[in-house]
Structures are given as structure tokens and as C-alpha cells.
Amino acid sequence: MELQEFVEFHRPALEQDETKYNLILGLLGRMLETAQPNVRLWTIGGPGECAMQTPGYPLILGRLTAAQCQAFAEATLDIDYPGVVGVDGVAALFVERAVERGVKFAEPIPQLIQALRDRPSYPGIHGAARLVGRDDVELFSQWLIAFFREAVPHEALPSRERLETTAAAGNYQFWVVDGEPVAMAGIVRRTRHAAAIAGVFTPPALRSRGYGAAVTAAVVDAVFAEGRTTACLYSNLRNPASNRCYAKIGFKPVCRAWHYQRA
């Protein structure tokens, strides 16, 4: 299928659980806007039963059955991909069959998709949010690179051009105290009714003061201001501090997600 046809066929089914499938939905929407070349698309069954991959990134599994996961693992044995991601147990089923056929993976990264559909709870701290702009590119770049190295070290660092573009796009916010930024977070992906938040970063010396929670709450309000009904995010289940932080803001668990990197 061509991209437009692929999206029209699969998107309605995936949108029945929009938060759970926000990653694949958000990327498909972005592909339509940018006409990115070399995206790989697989229709494995009926509507929603699909997978995709953008160059240099993992396979993303849609709403697959166990049999479809195993068949897709067989079908991709000769494809070069850095890993696989999926919600609930689909990625594990794919990996199980791929391992049987000789593919090696590192230990999986356990994640939790969380969502917030009501007004966020702000910590009672001093300060206010403001948008990151083009003039903030130096600090923004330092912090986003630090976030990548700490939270997603398996991903390639963004280029200078991408950092400048992202800083100027109006999707990220700083929490500012006495004129100085102390934390940041941003909208990284949008679907029809939801938006995903990521890049939540506070410099180590400023942590445990509520700054990360405050800026995340501000970004949630920005999501709602766009007319969307849900803010969501991925958290690492190995980081209990961040999960406690998101729970205090008002986020609720939706489902587990797993990222398996190729060894």
C-alpha cells in the first residue's frame, strides 16, 4: 500500500485505543505531512494489524495477534532493524520467535504508557512556565542532549539542525524561577485527540524540588489548550521516582510497552 492508503486503512482501528497506539498513529500522521522517504509499512492482517519502521529506528508493532507476531518475526529475518517496540505482549511474542531463528536481543526496556484527561495538579512551588524559543537554542540543546544520554542512550543524538528546528517550533516549555530556566518538557507527537509528552529534564543539581512536575503539568495544559482531550507519556518502569512524579500530577497507567534492542 501507498502511505495514504495505508493510513486510511489502519488509522480508524488504531484510534479505537488512541493512547495505547499513540506512537504509530503519531508517526503515521507526521509521515503524511512530511512525505518522508524510505518508511517501511506492513499490512499483516485486517485494519490495525500492521507494523512500520522509519530509517534507523525500531520496528513498531500495531494491534497484532500472537500468530501474526510470530509470522512477522519470520518475515523480517533478513531485514536490518535496530529493535522492536510494542504494547502489551506483542513485542515479546515477536522476539520469542526471532530468537528461535537466531536473532539476538538485549534485555528489554520496560515502559508504562500513562495518560491524563483532567486538569493536572501542580506542585506548590515558585516559578512559571514559558515557551522555549529560537534564542534558547544553546541551553535547550545542552539539556535535550543530556536527556537523550540519560533516558534513551540507545537513540542517536539529534543533529544541530534538528535541535535548532525543535527549539523554534514552540512545542517545548521551560519552568523558570527568578528568571532562570530550571526544567523543561515538550510535546513530541500529536494524534487526533491526544498528544505525547517527552524530553522531561531537570539538571541533576536542581532535582527533587518539583520543577519537573511543574513543567510537565504546564505542557499538559498546553495539550488541552490545543483542543485535545488527552496527554500521554512513556515512563521507564525502572525509574520509580519519575513514576511517582507523574502520579502526583494526575497521570494514570494505560498499558505496558516494551522496547527490545538488537544485541
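**Helix packing, core and loops**

Helix H3, residues 66-75, packs against helix H4, residues 90-100, at an angle of about 45 degrees, and their axes are 8 Å apart. Please keep in mind that this is a predicted model. At that angle H3 and H4 are oblique to each other, and H3 passes H4 in a right-handed crossing.

Which residues in H3 and H4 meet? On the H3 side they are Ala66, Cys69, Gln70, Phe72, Ala73 and Glu74. On the H4 side they are Val90, Leu93, Phe94, Arg97 and Ala98. By class, this contact of H3 with H4 has 8 nonpolar residues, 1 polar and 2 charged.

Now to another pair. Helix H7 covers residues 211-225 and helix H8 covers residues 240-249; they pack at an angle of about 50 degrees, with axes 10 Å apart. H7 and H8 are also described as oblique to each other, and the crossing of H7 past H8 is right-handed. Here Ala213, Thr216 and Ala217 in H7 meet Cys245, Tyr246 and Ile249 in H8. The residues of that contact divide into 5 nonpolar and 1 polar, with no charged residue.

In soluble globular proteins, nonpolar side chains tend to be buried together. The largest nonpolar core in this model has 22 residues, and those touching the most other members are Trp175, Ile197, Tyr211, Val220, Ile249 and Phe251.

The largest share, 8 residues, comes from H7.

Last, the loops. Most residues other than glycine have a negative phi. Asp178 has a positive phi, near 50 degrees, and is not a glycine. Asp178 is found in the loop between E7 and E8. Is Asp178 buried or exposed? With a relative accessible area of 66%, Asp178 is exposed, because the cut-off for exposed is over 50%.

Ser208 also has a positive phi, of about 65 degrees, although it is not a glycine. Where is Ser208? Its place is in the loop between E9 and H7. At 81% relative accessibility, Ser208 counts as exposed.

Notes
Residues numbered from 1 in each chain as written. Predicted model: local features only at pLDDT ≥ 70, side-chain atom pairs only at ≥ 80, totals over all residues. Heavy atoms only, no water. Axes fitted to C-alpha atoms, helices over the stretch in contact; angles between N-to-C directions. Helix = DSSP H or I, 4+ residues; strand = E, 2+ residues; numbered from the N terminus. Parallel < 35°, antiparallel > 145°, perpendicular 65-115°, else oblique. Left-handed = near helix turned anticlockwise from the far one by under 90°. Contact = heavy atoms within 4.5 Å. Nonpolar A, V, L, I, M, F, W, Y, C, P; charged D, E, K, R; others polar. Core = buried A, V, L, I, M, F, W, Y, C linked by side-chain atoms within 4.5 Å. Buried < 20%, exposed > 50% of the residue type's maximum accessible area, 1.4 Å probe, protein only.
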